[in-house]
Amino acid sequence: MGRSQSTFNNYSRHVAEVSLHFGKIPTELDPEQIHDYLFYLQKKSKSPSQSYFKHTVYGLRFLLKTESLPHSYLHLPAIPKVKKLPTILSREEIWRMLQSAELLKHKLLIGLIYGCGLRCMEVRNIKLQTQNAAQ
């Protein structure tokens, strides 16, 4: 089916939450009830997660498709994307970090990461390679 086990688990979890909310299986709900539920989810949380909505909508859509029920009314609700600036440490904060590091390798890593302006994910993806002397 082209979906991972993790995807099916997420779909199942979200469909189960809909079932628990209404006290019946989602295939017995009308489109208005499902839209009300999605609106409820959006208002319930101050910062609704896009992936949470996606799994809820896609899980419901998958369920309805497999039961050969209409699903075209199911679409993702508009979720405002919060644009925020990244937190940037001042020189003084970096200096204090460097002073608090006990090992030279930690000081070197902190300085390198800050000096290169690397993000956390970029640091995690760094792979060291050794050059072969024969090359």
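I started with Leu89, which is partly exposed because its relative accessible area is 31% (buried is under 20%, exposed over 50%, partly exposed in between, with a 1.4 Å probe and protein chains only). I found Leu89 in the loop between α3 (50-66) and α4 (91-100); helices are DSSP runs of H or I with at least four residues, strands are runs of E with at least two, and both are numbered from the N terminus.

Note on the source: this is a predicted model, where local features need pLDDT of at least 70 and side-chain atom pairs count only at pLDDT 80 or more, while totals for chains, interfaces and linings use all residues. Residues are numbered from 1 along each chain as its sequence is written, and side-chain values use heavy atoms, with hydrogens and water left out.

Next I turned to the largest pocket, which holds about 420 Å³ of space. A pocket here is an open set of points on a 1 Å grid over the protein atoms alone, where a 1.4 Å probe fits, with protein on both sides within 12 Å along at least five of seven lines; lining residues have an atom within 4 Å of a point. I noted 14 lining residues, with Thr87, Ile88, Gly117, Leu118 and Arg119 nearest the centre. Two or more lining residues come from each of α4, α5 (104-116) and α6 (120-124), and α5 gives the most, with three.

Last, the fold: I logged six helices and zero strands. Buried residues make up 20% of the chain's 135 residues.

Note on methods:
Points joined across faces, edges and corners; volume = space filled by probe spheres on them.
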